[in-house]
Number of protein chains: 2
Amino acid sequence: MRPTVNDIAREAGVSLATVDRVLNARPGVREKTIRAVNDAIQKLGYVRDLTAANLARSRNYRMAVVLPDTESQFVQTLADALTDAGSIAAAARMDLRLHRFPAEDAHALAALLTSLPGRGYSGVALMAPETPILRDAIRALRTKGLPVVALVSDLPNTGRDHFIGIDNRAAGRTAGVLMGRFLGPAPAQVLVLGQSLLARDMIERRRGFDEVVLRDFPQLDVLPSLETHGSGQTLRQVVAERLGNAPGVRGIYAMGDGHRALTQVLDDIGLSGKLVVICHELTPHVRQALEGGEITAVITQNLGHLARSTLRVLRAKADNLPLDAGQEQIRIEIVLRENLPASPDSALSTFAEPAVTAA
Amino acid sequence: MRPTVNDIAREAGVSLATVDRVLNARPGVREKTIRAVNDAIQKLGYVRDLTAANLARSRNYRMAVVLPDTESQFVQTLADALTDAGSIAAAARMDLRLHRFPAEDAHALAALLTSLPGRGYSGVALMAPETPILRDAIRALRTKGLPVVALVSDLPNTGRDHFIGIDNRAAGRTAGVLMGRFLGPAPAQVLVLGQSLLARDMIERRRGFDEVVLRDFPQLDVLPSLETHGSGQTLRQVVAERLGNAPGVRGIYAMGDGHRALTQVLDDIGLSGKLVVICHELTPHVRQALEGGEITAVITQNLGHLARSTLRVLRAKADNLPLDAGQEQIRIEIVLRENLPASPDSALSTFAEPAVTAA
DNA sequence: GTGAAAATGAGGTGCGTACCTCAAAAATGC
DNA sequence: GCATTTTTGAGGTACGCACCTCATTTTCAC
């Protein structure tokens with residue numbers, strides 16, 4: 001049997017109340033007694049039973065997740081992953097609430113954030129572009145004791161407690177190597193697409209990409225980034241035009257979203273499957289395009305892990321506990337057709353066999 | 001506030017005892033009453049508080065992890081990951097015990113497994129090659145109500161409850177594409193190494209590799225696999241000899257372990273960094289070789305995830321609960337120098353800031 | 001309608017911990 | 001040595017649920 005607080009008390013020759021005072025860092029205990037208790041804890045290998053502790057505290061964790069109201073498959077998939085993770089974490093006294101804000105409206109976002117502290121929240125996870133007004137809103141939240149976690153795109157100058165997502169510069173570098181190695185030694189031009197050249201993640205990806213290509217693949221000519229502003233229409237136009245004028249293009253690096261429009265325009269001009277196409281985020285459509293050979297490789301992050309990590313980090317921050325950096329690191333995953341993970345739809349929940357009850 | 005069993009009882013107009021009978025599937029409740037209770041549960045959105053439930057059950061989970069006593073960095077790293085995960089899970093009433101068995105001794109392994117049921121275990125995770133005697137031992141365990149989970153290498157014919165690890169065939173395919181694309185269109189020979197051509201995982205990797213190369217990269221000539229029997233000595237010999245005789249070799253696929261010996265022999269004969277070298281498992285030495293450009297790409301699995309997944313699956317099986325297939329799927333990761341995750345050593349635990357107590 | 005069986009209610013205890021109060025003991029200042 | 005402060009002990013309640021017993025009510029077969 002695992003030792004309990006009672007065992008500690010007996011071993012240390014003190015009362016339960018004293019053990020409790022030591023364990024919960026309450027005042028009014030002599031140094032010497034504290035040491036005696038800690039020695040007993042050491043000796044017996046006591047580990048506080050978190051389930052019981054949280055129960056006794058009747059601590060609830062209401063967390064806000066704030067996402068833009070973009071309709072992109074990525075944000076939608078992320079929202080789903082968070083909802084999923086939240087419903088499971090409900091059994092552990094977690095109560096996750098999703099909030100959406102108008103994508104381009106920094107003031108609406110700030111207003112939303114400002115309204116949170118009064119509503120019983122003990123943490124906020126946020127995916128949003130960094131603006132001055134957002135910085136202030138986040139500072140205000142933290143002053144009120146609400147930890148703030150940045151999702152997907154970092155907010156380094158806001159004082160956020162933690163960032164959950166991949167290193168976009170490294171992701172760009174990875175795209176760079178893949179592009180270079182897949183295209184081979186022959187000279188070629190490469191097209192780069194991004195919805196906005198001002199967004200932090202786009203800038204970092206481009207920087208990482210260039211870094212590697214310049215260093216290791218001098219035979220490649222990377223053309224200036226094309227902005228799509230998140231519009232499929234624009235994307236189709238600029239890509240068609242550029243590909244018409246630059247017959248030497250053999251690779252496309254799509255840093256942002258709009259993959260549906262991209263595969264469509266490639267198909268229209270008869271280049272589908274003939275270029276090395278590297279993009280980000282394994283959405284359902286990208287998965288399909290990967291299977292069909294329209295997209296060569298995808299740099300992605302596991303949104304399930306990201307969602308679960310978000311919950312763990314929020315909780316740890318709310319409890320002011322340390323977190324396991326290794327577990328919370330979101331890896332940059334490379335997905336090819338050959339290592340495409342089984343689709344979440346086809347991966348039905350496995351249910352335990354009926355018979356055989358455990359001991 | 002979240003609804004509790006009492007709320008359910010009130011809502012359904014029954015007593016607490018009846019709610020309890022329904023929740024825990026005890027007999028002696030009319031269909032109609034069961035439905036009334038379930039309706040109330042639905043209506044109030046009740047979620048059983050697992051922490052409280054487990055506390056009340058005073059359920060402890062003592063789990064055995066059985067690994068070969070090989071000194072390979074891989075097994076060692078795996079053992080460490082499991083120990084780590086176990087020490088964290090201790091707070092959730094988990095008690096993980098590692099056992100090692102002599103790598104080539106199926107009888108010793110069977111004896112070890114047979115001794116487990118008497119020792120208060122409620123689950124076993126096992127990494128071992130499949131033998132008839134092992135099949136019997138596993139059957140015996142399951143008859144006694146102990147769930148058995150296969151680690152890293154599957155044991156499909158033993159009736160194990162679950163397999164935790166990557167799909168080795170898909171891993172081989174992934175290695176195949178990388179090899180093909182990295183080598184480019186020029187004809188080339190490829191060397192394949194494995195410690196034993198009888199081990200299930202080696203066979204599957206080779207099969208997947210061949211599948212892709214034959215289909216998509218006809219310019220490649222994949223030489224017959226070389227067996228190293230886990231000996232660095234043997235590996236160095238056979239590789240040196242083969243590379244001497246086959247000057248057209250431009251790629252090496254190392255399916256098994258012995259990467260240290262491989263990089264060494266390549267260095268000796270002056271080919272270090274000049275071949276496309278693809279191997280498995282991101283051990284400390286492989287990481288170093290990747291950084292140094294001696295190894296081109298690594299197919300790996302995240303051992304931290306694998307370890308945590310093992311604990312979750314063991315627990316779910318012990319409780320006869322369904323598990324989240326998506327979360328438990330171990331992905332095939334591709335690691336290049338550019339997306340090498342930060343070393344676990346340098347990834348120090350992040351500690352929460354002292355001030356700011358949560359609401 | 002009667003008796004037996006099935007279903008339900010009422011109430012209690014315990015899991016391991018947190019947190020509280022009040023009294024008693026020990027240490028401290030002077 | 002006394003008064004005062006600090007430290008410690010004893011005991012209780014609560015968290016949400018599991019599991020038990022025993023009495024009572026309802027249902028059903030005949």
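Helices (H or I, at least four residues) and strands (E, at least two) are DSSP runs, numbered from the N terminus. Residues are numbered from 1 along each chain as its sequence is written, while chains are lettered from A and ligands numbered from 1 in the order in which they are written. This is a predicted model, where local features need pLDDT of at least 70, side-chain atom pairs count only at pLDDT 80 or more, and totals for chains, interfaces and linings use all residues.

**Stop 1: chain A as a whole**

Select chain A. Its secondary structure comes to 14 helices and 12 strands. The C-alpha trace spans about 85 × 55 × 40 Å along its principal axes. Now colour by burial. A residue is buried if 20 or more other C-beta atoms lie within 10 Å of its own, exposed if 12 or fewer, and partly exposed in between, with C-beta atoms placed from the backbone. Of the 359 residues in chain A, 45% are buried. Contacts come next: two residues are in contact if their C-beta atoms, placed from the backbone, lie within 7 Å. Among contacts in chain A with a separation of 6 or more, 72% join residues 24 or more positions apart.

**Stop 2**

Two strands pair if DSSP finds at least two bridges between them. These strands form an open sheet in the order S2-S1-S3-S4-S5, with parallel pairing. Strand S2 (94-101) and strand S5 (162-164) of chain A stand at the edges, each with a single partner strand, so one side of each is left without a neighbour in the sheet. From one strand to the next, the twist averages 25 degrees.

Zoom in on S1(A), residues 61-68. S1(A) and S2(A) pair in the parallel sense over eight bridges. Tyr61(A) stands opposite Met94(A) in S2(A). Arg62(A) stands opposite Asp95(A), again in S2(A). In a regular strand the side chains alternate between the two faces of the sheet. S1(A) is mostly covered, with six of its eight residues buried.

Axes here are lines fitted to C-alpha atoms, for helices over the stretch in contact, and angles run from 0 to 180 degrees between N-to-C directions.

**Stop 2: where the two chains meet**

Bring in chain B. In contact are 61 residues of chain B and 58 residues of chain A. Which elements of chain B give two or more residues to the side that touches chain A? They are helix H4 (50-57), helix H8 (168-183), helix H13 (303-318), helix H14 (325-328) and strand S12 (333-335) of chain B. H8(B) gives the largest share, six residues. By class, that side of chain B has 34 nonpolar, 15 polar and 12 charged residues. Ala, Val, Leu, Ile, Met, Phe, Trp, Tyr, Cys and Pro count as nonpolar, Asp, Glu, Lys and Arg as charged, and the others, Gly among them, as polar.

The same surface serves both copies, and 95% of the contact residues of chain B recur in chain A.

**Stop 3: the DNA**

Show DNA strand C. A residue is near a strand if its C-beta atom, placed from the backbone, lies within 6 Å of it. DNA strand C is surrounded by 24 residues, and the closest are Thr4(A), Ala56(A), Ser15(B), Thr33(B) and Ala56(B). H4(A) supplies the largest share of this surface, five residues.

Switch to DNA strand D. H2 and H4 of chain A, with H2 and H4 of chain B, each supply at least two residues of the surface near DNA strand D. Here the largest share, five residues, comes from H4(B). The surface near DNA strand D has 12 nonpolar, seven polar and five charged residues.

**Stop 4: a last residue**

Finish at His305(B), in helix H13 of chain B. Is His305(B) buried or exposed? His305(B) is buried, with 22 other C-beta atoms within 10 Å.
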